[in-house]
Amino acid sequence: MGLNVGDVYFPDGRPRTRIRLRADIAKGGRVGDVFLPEALVRKLEAFWAYKLSRGERLDPPSPLFCNQGRRRISCRRVQVVFRAWQVIAAFGRLYPFHGLRHTAVTNVYRASRDLFLAQRFARHASPLTTTIYTHPSDQEMFERLSGMEC
């Protein structure tokens with residue numbers, strides 16, 4: 001399973017800013033809310049128009065992401081395409097698909113400095129799990145340690 005049109009859009013085509021993840025697609029079956037930034041909402045408006053221009057189904061239970069045969073795209077296919085795009089873009093290193101999640105959670109923590117906010121964003125059951133996303137960069141280490149007295 002994956003996201004449905006109705007998970008992301010209201011029936012009139014307006015994107016939701018708060019998406020409720022269903023138990024059948026949430027990791028560990030943990031239902032939770034995802035909040036979308038305004039920049040993504042604008043992209044979802046364009047995506048609705050794209051789906052409409054292709055004649056894709058837009059009723060709530062229809063798949064949000066479709067393959068060329070207009071069937072739901074599989075998780076494995078997304079991973080394969082993500083890797084292919086990295087090869088085409090000539091990345092010096094290929095990143096696993098889960099790296100996107102890791103980067104997002106790390107960025108939320110760095111922007112907020114709030115472990116519990118990052119935990120909720122990641123939908124982790126324990127803040128201990130979230131601590132793996134809090135590693136400081138070299139620049140942060142330098143800035144924090146340079147002002148210390150010995």
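At 45% relative accessibility, Phe35 counts as partly exposed, a class that lies between buried (under 20% relative accessible area) and exposed (over 50%), with a 1.4 Å probe and protein chains only. The model is predicted, so local features need pLDDT of at least 70 and side-chain atom pairs count only at pLDDT 80 or more, while totals for chains, interfaces and linings use all residues. Residues are numbered from 1 along each chain as its sequence is written, and side-chain values use heavy atoms, with hydrogens and water left out.

Phe35 is placed in strand β2. Helices (H or I, at least four residues) and strands (E, at least two) are DSSP runs, numbered from the N terminus. Beyond its neighbours within four places in sequence, Phe35 is in contact (heavy atoms within 4.5 Å) with Thr17, Arg18 and Arg120. Phe35 and Arg22 are 13 residues apart in sequence; their C-alpha atoms are 14 Å apart in space.

Asp33 also lies in strand β2, which spans residues 32-35. Asp33 counts as buried because its relative accessibility is 18%. Its side chain makes a polar contact of 2.7 Å with the side chain of Arg18. A polar contact of 3.2 Å joins the Asp33 side chain to that of Arg20. Such a contact is a pair of N or O atoms within 3.5 Å; within protein, one must be able to donate a hydrogen and the other to accept it, and residues adjacent in sequence count only if both atoms are side-chain atoms. Outside four places in sequence, Asp33 is in contact with Arg18, Ile19, Arg20 and Arg123.

The largest nonpolar core has 12 residues, including Val5, Ile19, Leu36 and Trp48. A core of this kind is a set of buried Ala, Val, Leu, Ile, Met, Phe, Trp, Tyr and Cys residues joined through side-chain atoms within 4.5 Å. Helix α1 (5-8), strand β1 (18-21) and helix α2 (38-53) each give two or more residues to this core. The most, 3 residues, come from α2. Among the residues that Val5 touches, not counting those up to four places away in sequence, are Trp48, Leu58 and Leu64.

The largest pocket is lined by 48 residues; Leu3, Phe65, Val78, Phe97 and Leu100 lie nearest its centre. On a 1 Å grid over the protein atoms alone, a pocket is an open set of points where a 1.4 Å probe fits, with protein on both sides within 12 Å along at least five of seven lines; lining residues have an atom within 4 Å of a point. The largest share of the lining, 7 residues, comes from α3.
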